[in-house]
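This report describes selected helix and strand contacts in one structure. Please look at the sequence and the model before reading on.

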Amino acid sequence: MDTLTRMRAFLSVVENEGFSAAARKTGRSKALLSKYVRELEDELGVLLINRTTRQVALTAAGEIYVSRASTILGDLEALNEEAREATGEAKGTLRVTAARTFGDAALGLSLVEFSAAHPDISLDLHLNDAFVNLVDEGFDVAIRMTRLTDSAMIARRLGSLDFTICATPAFLAEHGTPKHPSDISRMPAVIDSNAKVLYNWTFKDPATGDPIPVNVSGRFSANSPYTVRAATLAGLGVAMTPDFVVRDDIAAGRLVSVLEEFVPRDAGIYAVFPHRRHLPARTRVFVDFLATWFRKNSPGRDSAAA
């Protein structure tokens, strides 16, 4: 156990690029961390870190050791998780990243309800509209609303993600109701700058299934579907937005859905997590909970696969 403690101290110093930063992160004193690293070096008989007044730098031996030590401690954590899972226990901190739109919408209730149902799991939620690398930034799970293409990750489909092309009745009275996607190119559009499509919206021919690309333009763009909704309600243009953002507006007649037969239906809401030899119990419990929640509260056309 002493060796494991020293290994963890060493990795903490390396990951935080210094003893002071590692002390702040771990809550241990700088002197204690320095003691652990020095004892590890004495035990190995090699110098792992070159210390200067401003920074620490790995020696050649340190470079080798940090890689293997990370693997060993990772395997140990996975082993502990397997043991907990065998007894039905799911504990610890779960780091989750999701788009701000997901958290701000009614869908975000799934995360709140999970936390309420599992008091032994601490949910560390980060809402970020930018694409996040799970491995590099240390996240366990990402909730993504997209057409999934990242084959380096494991993904579980939670539900469909339908998009709607919509505008106000007054806007359509002024500009005409589009009958074909090409009609959109002659209308001002409200652009969601977070969306991959930006100014090139792709539709689908209902007869042949062929894609129909349409270039759009407009004087208002925003990196939030809810701001896009507000601008659309103000009559600034026609918008492409997730159905759950404008569903109530369409039901109330404030917005009108158009070109429904041309809108592709291949996007989804996914729980995404890195390939791991041993999936932590808390991750499996979280994904299973979301799958069940979406089956009961599906925002799209289908429910999650069992």
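## Helices α6 and α11

Helix α6 (residues 109-117) packs against helix α11 (residues 281-297) at an angle of about 125 degrees, and their axes lie 10 Å apart. Axes are lines fitted to C-alpha atoms, for helices over the stretch in contact, and angles run from 0 to 180 degrees between N-to-C directions. Helices (H or I, at least four residues) and strands (E, at least two) are DSSP runs, numbered from the N terminus. The two helices α6 and α11 are therefore oblique to each other; angles under 35 degrees count as roughly parallel, over 145 as roughly antiparallel, 65 to 115 as roughly perpendicular and the rest as oblique.

On the α6 side the contact (heavy atoms within 4.5 Å) is made by L109, S110, L111, E113, F114 and A117, and on the α11 side by V285, F286, F289, L290, W293 and F294. These residues of the contact of α6 with α11 comprise 10 nonpolar, one polar and one charged. Here Ala, Val, Leu, Ile, Met, Phe, Trp, Tyr, Cys and Pro count as nonpolar, Asp, Glu, Lys and Arg as charged, and the others, Gly among them, as polar.

## Basis of the model

This is a predicted model, in which local features need pLDDT of at least 70 and side-chain atom pairs count only at pLDDT 80 or more, while totals for chains, interfaces and linings use all residues. Residues are numbered from 1 along each chain as its sequence is written, and side-chain values use heavy atoms, with hydrogens and water left out.

## The five-stranded sheet

An open sheet is formed by five strands in the order β4-β3-β5-β14-β6, with mixed pairing. Two strands pair if DSSP finds at least two bridges between them. The edge strands, β4 and β6 (153-160), each pair on one side only. On average, neighbouring strands of this sheet are turned by 25 degrees against each other, direction ignored.

Strand β3 (residues 92-98) pairs with β4 in the parallel sense over seven bridges. V96 has L125 in β4 as its bridge partner. Helix α6 packs on the sheet and touches β3 and β4; the direction of α6 makes about 160 degrees with that of β4.

## Residue I121

I121 belongs to strand β4 (residues 121-127). The residue I121 is buried, with a relative accessible area of 3%; buried means under 20% relative accessible area, exposed over 50%, partly exposed in between (1.4 Å probe, protein chains only).

Apart from neighbours within four places in sequence, I121 is in contact with A90, K91, G92, L94, F114, R282 and V285. F114 and V285 also take part in the contact between α6 and α11. The C-alpha atoms of I121 and T93 are separated by 5.7 Å, although these residues are 28 apart along the chain.

Strand β7 (residues 163-167) is mostly covered, with five of its five residues buried. F163, I165 and A167 point one way from β7, whereas T164 and C166 point the other way.

Strand β7 runs antiparallel to strand β12 (residues 238-242), to which four bridges join it. In β12, P242 stands opposite F163. Three bridges link β7 with strand β13 (residues 256-258), again antiparallel, and V258 of β13 is the bridge partner of I165.

## Helices α2 and α3

Helix α2 (residues 19-26) packs with helix α3 (residues 30-44) at about 110 degrees, their axes being 8 Å apart. The helices α2 and α3 are therefore roughly perpendicular to each other. F19, S20, A22, A23 and T26 of α2 meet K30, L33, S34 and V37 of α3.
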